[in-house]
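Student: Please give me a close look at a single part of this model. I would like to see how it is packed, and then how it sits in the whole.

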Amino acid sequence: MKKMIICALAALMLLGGCGSSDARSSYEAGCEALKNGDYETAVSEFDATISSGKLQAQAYRGEGLVQLYQNNVADACILFEKSLLNADEETDAFRRDVNLYLAYARISHGEQEKAMEIYNSLLAKEEDPEIFFLRGRLNLRMEDTDSAKADFDKAAALSSDYDLFINIFLIYDGLGKSADGARYLERAMDLVSQEEDDFYEQGLISYYLENYQEAKESLIQGIRADADDTDCIFLLGEVYLALNDVPDARAVYQDHLENEETAAYAYNGLAMCDMAESDYQSALEHVQAGLELNREDANKGLIYNEIVIYEYLGDWESAKNLAVQYAASYPTDELAQREYEFLSTR
């Protein structure tokens, strides 16, 4: 499995507490092995940590991730429960994190009611837009559309995160109810329109509303205001692709391939251009070149496209293995969940 730097592993290190030097060494070795996809070594190191009597909550969480990434969701549930049982001295942030992974594993195991109990318990302590979003998505799974709408409305009221609005839209869009989801994008557009120079955000929301010409105009304005605004530049490449203008899209990405700060994004863009032309082998090579750069900020998009490319190449096993890890690492990413649910039926 390709080396991936993902948010779950970063959190694994950041949320870890103090412990003896031997326990800390084993724990960090387990985290490194997990990051590299060496699950056998990861379990061995986490077991050594647990046996030391130190960092047990963190080590059980690590073993839970190992099982979750291998789609052994029943085992993952048990290990996350053990983590929580040993987490009395851990921070609220740590317990929240483990609870969210446990809820995800419960849903994957078909235990939706138990996941709902977790979300309810967390929300009783604090109104958190991410958890309102997750509970809303679960309510939709359980066909409680009114409760889902109430949760999404609450999440939107508490958050100014445009990704959250987009993901709510994507959930409804995936159900064939894009009109219900579009109002969340329109609400986000109302927010960004209050700031005259939010060109990227305006372009992004127009892109999801499929107003591609408006998106193009906003992004070009953003680039005129700041020629180094790579967010606008790379999204403009995606807009060109949506407009079936592959040459201009490819030119955008090619221009940023030599800059080490932007090369990983550029490789991802070139992979999308290749996919638009049905050249999936070249697309895979571009994605893998981007992943070799180990830019954590770019890996999310690269890994998602790698999953899609493996699907087109008919390599369902590689696609599914990556999708399990990706969906678990980005639980609020609706596209990630769609890919995972699609591949779980293959």
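**A close look at one helix and its surroundings**

Tutor: Let's start with Ser 83, which lies in helix H5, residues 73-85. Keep in mind as we go that this is a predicted model. Ser 83 has a relative accessible area of 0%, so it counts as buried. What is it in contact with, leaving aside neighbours within four places in sequence? The partners are Ala 57, Tyr 60, Arg 61, Phe 94 and Val 98. Two of these names, Phe 94 and Val 98, belong to H6 and are buried there, and H6 is the part I'd like to look at with you.

Helix H6 runs over residues 92-108. Its length is a friendly check for anyone who likes geometry: 17 residues at 1.5 Å a residue should span 24 Å, and because the end C-alpha atoms are 24 Å apart, the model agrees with that expectation. How many of the 17 residues are buried? The count is 12, so H6 is largely enclosed by the rest of the structure. Besides Phe 94 and Val 98, the buried residues of H6 include Leu 100, Tyr 101, Leu 102, Ala 103, Tyr 104, Ala 105 and Ile 107. Asp 97, Asn 99 and Arg 106 are buried in H6 as well. Just after the helix, Gly 110 takes a positive phi of about 80 degrees.

H6 also matters to the count of the largest nonpolar core. That core has 107 residues, and those touching the most other members are Leu 68, Phe 80, Tyr 119, Phe 133, Phe 152 and Tyr 253. Helix H6 supplies the largest share of this core, nine residues. In soluble globular proteins, nonpolar side chains tend to be buried together. For Tyr 253, the contacts beyond four places in sequence are Phe 234, Gly 237, Glu 238, Tyr 265, Ala 266, Gly 269, Leu 270, Met 272 and Cys 273.

Now for two loops. Glu 143 is in the loop between helix H8 (129-141) and helix H9 (145-158), and its phi is near 65 degrees, a positive value in a residue other than glycine. At 70% relative accessibility, Glu 143 counts as exposed because the cut-off is over 50%. Ser 278, in the loop between helix H16 (263-276) and helix H17 (280-292), also has a positive phi, near 60 degrees. Most residues other than glycine have a negative phi.

Stepping back, the protein chain has 20 helices and zero strands. Its radius of gyration is 21 Å, close to the 20 Å that the globule rule gives for 346 residues, so the chain is as compact as a globular protein of that length. The C-alpha trace spans about 60 × 45 × 40 Å along its principal axes. Buried residues make up 50% of the 346, and 52% of the contacts with a separation of 6 or more join residues 24 or more positions apart. The chain exposes about 16,000 Å², with carbon and sulfur atoms supplying 43% of it.

Finally, confidence. The chain averages a pLDDT of 88, and 91% of its residues score at least 70. Where pLDDT is low, the predicted coordinates should not be read in detail.

Notes:
Residues are numbered from 1 along each chain as its sequence is written. Side-chain values use heavy atoms; hydrogens and water are left out. Helices (H or I, at least four residues) and strands (E, at least two) are DSSP runs, numbered from the N terminus. Buried means under 20% relative accessible area, exposed over 50%, partly exposed in between (1.4 Å probe, protein chains only). Contact means heavy atoms within 4.5 Å. A nonpolar core is a set of buried Ala, Val, Leu, Ile, Met, Phe, Trp, Tyr and Cys residues joined through side-chain atoms within 4.5 Å. The expected span of a helix is 1.5 Å times one less than its number of residues. pLDDT is the predictor's confidence in each residue, from 0 to 100. The radius of gyration is taken over C-alpha atoms; the globule rule is 2.2 Å times the number of residues to the power 0.38. Accessible areas come from the Shrake-Rupley method with a 1.4 Å probe; for residues, only the protein chains shown count as cover.
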